[in-house]
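Subject: Structure handover

Hi,

Here is the structure you asked to take over. Please open it beside this email, and read my notes below as you go.

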Amino acid sequence: MRLDYLSIFPGYFDVLGISLLGKAAVNGLVDVYAHDLRDWTHDRHRTVDDTPCGGGAGMVMKPDPWGEAFDEIIGTEPDPSVHVVFPSPSGEPFTQSVAHDLSSVERIVFCCGRYEGIDHRVIDYARSMWTVHEVSLGDYVLNGGEVAALAITEAVVRLVPGFMGNPQSLAEESFSAGQDGLLEYPLFTRPVSWRGLDVPEVLMSGHHGRIAKWRRDESIRLTRERRPDLTDSDVSARH
Ligand SMILES: Nc1ncccc1[N+](=O)[O-]
């Protein structure tokens, strides 16, 4: 999998050399390339923004540098196998399902906007050429798309076959298919007693059926308490 990042702060992506992502890069599972959008400007100030047409506060990212960067990094021919991700608060929700879909593609280009955003024609042009995902991590506003691109990268790359040492650990996570969309149950390890707090006895019983039931019940309880939006009618009826 090749990952490209287009940003005026490419240094954000130095962190991708650390930990598991670093290992994935080393063993060839992912190839990471960060690009400075200003490399595709031609004026002395390396300008990437301008005032919004129609007025309004703030600045908008000019389309020209993006277009020239696309030409060089991706190419000038349409190719739906290239996935272009625009992290944006006005995007569609980024979910584990989207992460799964992206984990099997060969190439992802992250376009990290700053200021008030990117001239919309950049996104329209990208849609005419590649497969575009305008996605949001949540209902809050970051200063740019870089942190979101890092979060999306981590969610996607950890699902790439061969990335995680133990694929089974993926099966029991929150939001994975195996959990029926329920939140993960509470986890414990040794010592059994810690500062007057004990591991639930059932987990030390060795009785796999009872342990599985306890975990399921806890997942249901937590999901009902914290994420009623996830317990739609038939899911709750099933539990
Ligand atoms: N929330 C966001 N704010 C700015 C840029 C991107 C964002 N996002 O969620 O992808």
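A search of the whole structure turns up zero disulfides, a disulfide being a pair of cysteine sulfur atoms within 2.5 Å. Cysteine 111 is buried, at 0% relative accessible area. Cysteine 112 is buried too, with a relative accessible area of 0%. Here buried means under 20% relative accessible area, exposed means over 50%, and partly exposed is in between (1.4 Å probe, protein chains only).

A word on the source. This is a predicted model, in which local features need pLDDT of at least 70 and side-chain atom pairs count only at pLDDT 80 or more, while totals for chains, interfaces and linings use all residues. Residues are numbered from 1 along each chain as its sequence is written, and side-chain values use heavy atoms, with hydrogens and water left out.

Next, the cores. A nonpolar core is a set of buried Ala, Val, Leu, Ile, Met, Phe, Trp, Tyr and Cys residues joined through side-chain atoms within 4.5 Å. The largest one has 30 residues. Leu3, Phe94, Ile108, Phe110, Val156 and Phe163 touch the most other members. Two or more residues come from each of β1 (2-7), α1 (19-26), α3 (96-103), β6 and α5 (146-157). Helix α5 gives the most, with six residues. Helices (H or I, at least four residues) and strands (E, at least two) are DSSP runs, numbered from the N terminus.

Ile123 also belongs to helix α4 (residues 120-129). In that helix, Val122, Ile123, Ala126 and Met129 are buried. Seen down the axis of α4, these buried residues fall within an arc of 125°, so they line one face of the helix. The arc is that of the directions from the helix axis to the C-beta atoms. The buried residues pack against α2 (63-73), β5 (82-93) and β7 (131-136); contact means heavy atoms within 4.5 Å.

Now the backbone. Most residues other than glycine have a negative phi, and most peptide bonds are trans. Which residues depart from this? Tyrosine 115 has a positive phi, near 60°. It sits in the loop between β6 (107-111) and α4. Tyrosine 115 is partly exposed, at 35% relative accessible area. Arginine 195 has a positive phi as well, near 50°. It is in the loop between β8 and β9 (197-198). Arginine 195 is exposed, at 73%. Arginine 190 and proline 191 are joined by a cis peptide bond, with omega about 5°. Proline 191 is in the loop between α6 (168-171) and β8 (193-194).

Last, the ligand. Residues around it, each with a heavy atom within 4 Å, include Pro87, Ser88, Pro89, Gly138 and Ala148. A polar backbone atom of valine 135 is 3.4 Å from an oxygen of the ligand. At tyrosine 140, a backbone N or O atom lies 2.7 Å from a ligand nitrogen. A polar contact is a pair of N or O atoms within 3.5 Å; within protein, one must be able to donate a hydrogen and the other to accept it, and residues adjacent in sequence count only if both atoms are side-chain atoms.

Best wishes
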